[in-house]
Every structure is written in structure tokens, then in C-alpha cells.
Amino acid sequence: MKYTLLPPNDPRVLSSIADFDIEIFKDNENIELKEFTDNMFETMKNYGGIGLSANQVGMPYRMFVMGDHPNIEKGKKWVCINPKITNVTKELIRYKEGCLTFPFLFLDIERPQDISVEYLDENLEKKEEHMSGIVARCFQHEFDHMQGIVFTEHVSKLKLNMSLKKRDKQIKRAQKQWQSSQN
């Protein structure tokens, strides 16, 4: 089963999420945790992403999935429940990010290059990991969602407005190309 992405102004996307509790999950969902995380991965891939947090699809659980892409750690999949960032390096890297909640919007975001993290995996086993590059960036982006922070908050109003205008022009250009190909 695939889930539907919420719009960026939905309060569930903009709210901090309480810690995951398996008993609350079992009381409220009619599926096993494994099936839920499989559905999250299917939804993420359906929308073309490399990370997806539960609150982006309206689920009130402090968890996200990421990876499952052949060019990222040979397709490794991460299920991160109750994630924590325990350490960050001082080295910051600026890189273009997108977000499934904001289709076709890409912003230059500065984030630490390397991080150390803790989380529970899909078996609710504690994991500690050092991450760098795109994996660290994706973890930080999805972790922000757990705090109710969206990536547009990491840039100035001016940069956001310029990027929105650029996105809108690209969408109009694509629509015109599509319409002319239909004639």
C-alpha cells in the first residue's frame, strides 16, 4: 500500500513528533511494523525520493526510511525509529536538496558533512552509526522532519522566493512542451 504525501502547509508536516512507542503503534495500526516500513519505502520510491518521514504521509510516528537507491551505499535501506544525532563535524558542505513535500523545488542547504547517529531499526534494535556525504545529508533532512522543520526554513526568504520562481518557470516550460507533444 502506498501512502499519499501531505501538502507543505499541513500541520502534521510542521509538528514535532513524539517518540515512537510500539504498543501505541500496535493499538492504532492494523499492520505489522515491517509492512508499514515496506509501505513507506514503496511510497518513497513511487515519488522518486531517497528519504521519507512518517509525518510527511500523515502518520504520527517518529520514524523515517531512507536509501534503497542503487547509487547510495549499494542500495542499502535504513529504517530509523526514534533517531538522534549524537555528534556533528565542524565541516559544513553546501549542496542542492529537494524534498518530496515540495515537488520540483531545490535549495542549496548547508549541513555538516559527517554525523554520528543512533536509532532503532525495523527490529527495534539500537544502532549507532557514523554517516557522511549524501547519507548524512539525507539523515539530517529527515531528522528535521521529526522536529517539524522543513528544508525551506534553512534558506533566506529571498533565496526561497527566487527558487520558487525558478521552479514555477520550469513547470510552465515542461507543461508547454508536454502540450505541444500532444498535438
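What follows is a working chat about the predicted model shown above.

Q: How many helices and strands does the protein chain have, and in what order do the elements run from the N terminus on?
A: In this predicted model, the secondary structure of the protein chain comes to 4 helices and 7 strands. From the N terminus on, the elements run α-α-β-β-β-β-β-β-β-α-α.

Q: How does the radius of gyration sit against the globule rule?
A: The radius of gyration of the protein chain is 17 Å, close to the 16 Å that the globule rule gives for 183 residues, so the chain is as compact as a globular protein of that length. Along its principal axes, the C-alpha trace spans about 55 × 40 × 35 Å.

Q: And what share of the residues counts as buried?
A: Of the 183 residues of the protein chain, 43% count as buried. The accessible surface comes to about 10,700 Å², and carbon and sulfur atoms hold 50% of that surface.

Q: What part of the contacts comes from residues 24 or more positions apart?
A: Such residues account for 63% of the contacts in the protein chain with a separation of 6 or more.

Q: Switching to the sheet, what is the strand order?
A: There is an open sheet of 5 strands in the order β1-β2-β3-β6-β7, and the pairing is antiparallel. The edge strands are β1, residues 51–53, and β7, residues 126–132, each of which pairs on one side only. From one strand to the next, the twist averages 40°.

Q: How many bridges join β2 to β3, and which residue does M66 stand opposite?
A: Strand β2, residues 63–67, is joined to strand β3, residues 77–88, by 5 bridges, with the two strands running antiparallel. M66 stands opposite W78 in β3.

Q: What about β3 and β6, how many bridges there?
A: Those two strands are also antiparallel, with 5 bridges joining β3 to β6, which covers residues 114–120. In that pairing, I81 stands opposite L120 in β6.

Q: And how many bridges for β6 and β7?
A: Strands β6 and β7 pair in the antiparallel sense over 7 bridges. The bridge partner of D114 is S132 in β7.

Q: Which strands does helix α2 lie across?
A: Helix α2, residues 33–46, lies across β1, β2 and β3, and runs at about 50° to β2.

Q: What is D144 in contact with, apart from its neighbours within four places in sequence?
A: With those neighbours left aside, D144 is in contact with R111, I149 and H154.

Q: New topic, how many disulfides does the structure hold?
A: The structure holds 0 disulfides. C99 is in no disulfide, and the nearest cysteine sulfur to that of C99 belongs to C138, 10 Å away. C138 is likewise in no disulfide, and for C138 the nearest cysteine sulfur is that of C80, at 8.6 Å. Both distances can be read against the cut-off, since a disulfide needs a pair of cysteine sulfur atoms within 2.5 Å.

Q: Are C99 and C138 buried or exposed?
A: C99 counts as buried, at 9% relative accessibility, and C138 counts as buried as well, with a relative accessibility of 9%.

Q: Last topic, the backbone: where does D68 lie, and what is its phi?
A: D68 lies in the loop between β2 and β3, and has a positive phi of about 60° although it is not a glycine. Most residues other than glycine have a negative phi. D68 counts as buried, at 18% relative accessibility.

Q: And L124, where is that one, and is it buried or partly exposed?
A: L124 lies in the loop between β6 and β7, where it has a positive phi of about 60° although it is not a glycine. L124 is partly exposed, with a relative accessible area of 33%.

Methods. Residues are numbered from 1 along each chain as its sequence is written. This is a predicted model: local features need pLDDT of at least 70, side-chain atom pairs count only at pLDDT 80 or more; totals for chains, interfaces and linings use all residues. Side-chain values use heavy atoms; hydrogens and water are left out. Two strands pair if DSSP finds at least two bridges between them. Buried means under 20% relative accessible area, exposed over 50%, partly exposed in between (1.4 Å probe, protein chains only). The radius of gyration is taken over C-alpha atoms; the globule rule is 2.2 Å times the number of residues to the power 0.38. Contact means heavy atoms within 4.5 Å. Accessible areas come from the Shrake-Rupley method with a 1.4 Å probe; for residues, only the protein chains shown count as cover. Axes are lines fitted to C-alpha atoms, for helices over the stretch in contact, and angles run from 0 to 180 degrees between N-to-C directions.
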